[in-house]
Amino acid sequence: MDTPSQAAAPVDLPPLLPQTERVMGQLIAAPALQAALAAVRRDDALTLADQIALSEIESPPFHEEKRAADFARRLRELGLTDVSIDAEGNVIGVRAGTGDGPRLVLAAHLDTVFAAGTDVKVRRDGDRYLGPGISDNARGLAVLLQILRALDEQRIATAGDLLFVGTVGEEGNGDLRGCKALFATDKAIDGFIAVDGVAVTRILANATGSRRYRVGYEGPGGHSYNAFGNPSATHALGRAIAAISEIQVPDEPRTTFTVGTVKGGTTVNSIAASAEMELDMRSDNGDELNRLEAGILPLLEAAAAAENRRWNAPADKQVKLVLTPIGDRPAGQQAPETPVLQAARAAQAALGIPLLKYSAASTDHNVPVSLGIPATTLGGGGAEGNNHTLREWYEPTQAWQGPQLTLLAALALVGMTGVSEPLLARRASRPTRPPQGV
Ligand SMILES: [Zn+2]
């Protein structure tokens, strides 16, 4: 997962809706539900063992196949018969509901940020487990398996379908490709919970969108003395950066930009023939992100034009802009009444977990949020640190709270047969039959 934004949590969330309170009360009073929560706690060490085993299967960006195959095998071992790997590489296991209920995805990403060949062996140091990817997101995958184990052991049936999904391409340049493919294929999904990060006290309500570009300038180059008068790619880049750095953005919705990297030129005594930068733009609001992009993109062309004008450069000796999109994560915001957010808060309250952070981030849930499909990301339980570094660690402190939280929220959403009605509605635009064998 990408780092959550620093935007302050809204202090005044309205109280939970009466139907949310009613459904959660019915669930908590059900003996089978209580038994499932107890089983999750009892199986804490088993969840951790799954987590370590999955973490030790490397899953580099764009090559998640080995971990995907293992995750699919584990879903089948836990009794799912409808398990497939789609064209993008996502693992999709369906636990069918008993009725006409909503279709809810429980997702965790399969990919890590670590290159092929990285040593992913997990080491133990006291209470701490060390290994690249041990928390982000082997924890999320293990939590999905534990939820499935507890549901089956207690023979809990649901009105709606539960889809257990391992997604590819959540991190960095993966650009949410797995989740984008999932929603492009399955138009019947009504709700979505990703398990990512560990904090059970945090609910991600909004999706920080981002657009990223590689911005290149190409020109004639030349000797710094002999060819003086040729326009310069680095000078054009500098003009662009100076203009970008003056852009004004709102504090709310939080909107940001930066030129993250620059490179260009070859030697001190050459007019640079090429130069490039990587540009990152973000906002919690899609319109604001569009406005920012519409403000910045013309500056890039204008910088080349200004550099050419400065030197009166003829057509065959001009600096030109080469713009390459390298990232597009859609943004979106959700009202506090959104069923997935209601279910998550109610589950926290029922488990005695305080809500300490209600914020936005950039993760798989961006895709459904941007489509208007209720979604959130919940923590997998325990403690973590040094994510996205080789010194990543995980501590299973009250780790069972993670699978308990998502299990309870999910049951509130899809309805536990004989106990509660689904909080999640089937979408009006939803096709009557979900796709078969995606
Ligand atoms: Zn992650």
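What is the order of the strands in the open sheet of six strands? In this predicted model, the order is β1-β2-β6-β3-β7-β16, and the pairing is mixed. The strands β1 and β16 (375-378) stand at the edges with a single partner strand each, so one side of each is left without a neighbour in the sheet. On average, neighbouring strands of this sheet are turned by 20 degrees against each other, direction ignored.

Strands of a sheet pair through backbone hydrogen bonds, either parallel or antiparallel. The antiparallel case can be seen in strand β1 (residues 82-85) and strand β2 (residues 91-95), which are joined by four bridges. Here I85 stands opposite V91 in β2. The hairpin of β1 and β2 has five residues between the strands, and G89 takes a positive phi near 115 degrees there.

The parallel case can be seen in strand β3 (residues 103-109) and strand β6 (residues 161-167), which pair over seven bridges. A107 has V165 in β6 as its bridge partner. Helix α5 (residues 138-153) packs on the sheet and touches β2, β3, β6 and β7 (191-195). The direction of helix α5 makes about 140 degrees with that of β3.

Now the whole chain. It contains 11 helices and 18 strands. Its radius of gyration is 24 Å, close to the 22 Å that the globule rule gives for 438 residues, so the chain is as compact as a globular protein of that length. Along the principal axes, its C-alpha atoms fill a box of roughly 85 × 45 × 40 Å. Of the 438 residues, 50% count as buried. Among contacts with a separation of 6 or more, 81% are between residues 24 or more positions apart.

Key: Residues are numbered from 1 along each chain as its sequence is written. This is a predicted model: local features need pLDDT of at least 70, side-chain atom pairs count only at pLDDT 80 or more; totals for chains, interfaces and linings use all residues. Helices (H or I, at least four residues) and strands (E, at least two) are DSSP runs, numbered from the N terminus. The radius of gyration is taken over C-alpha atoms; the globule rule is 2.2 Å times the number of residues to the power 0.38. A residue is buried if 20 or more other C-beta atoms lie within 10 Å of its own, exposed if 12 or fewer, and partly exposed in between; C-beta atoms are placed from the backbone. Two residues are in contact if their C-beta atoms, placed from the backbone, lie within 7 Å. Two strands pair if DSSP finds at least two bridges between them. Axes are lines fitted to C-alpha atoms, for helices over the stretch in contact, and angles run from 0 to 180 degrees between N-to-C directions.
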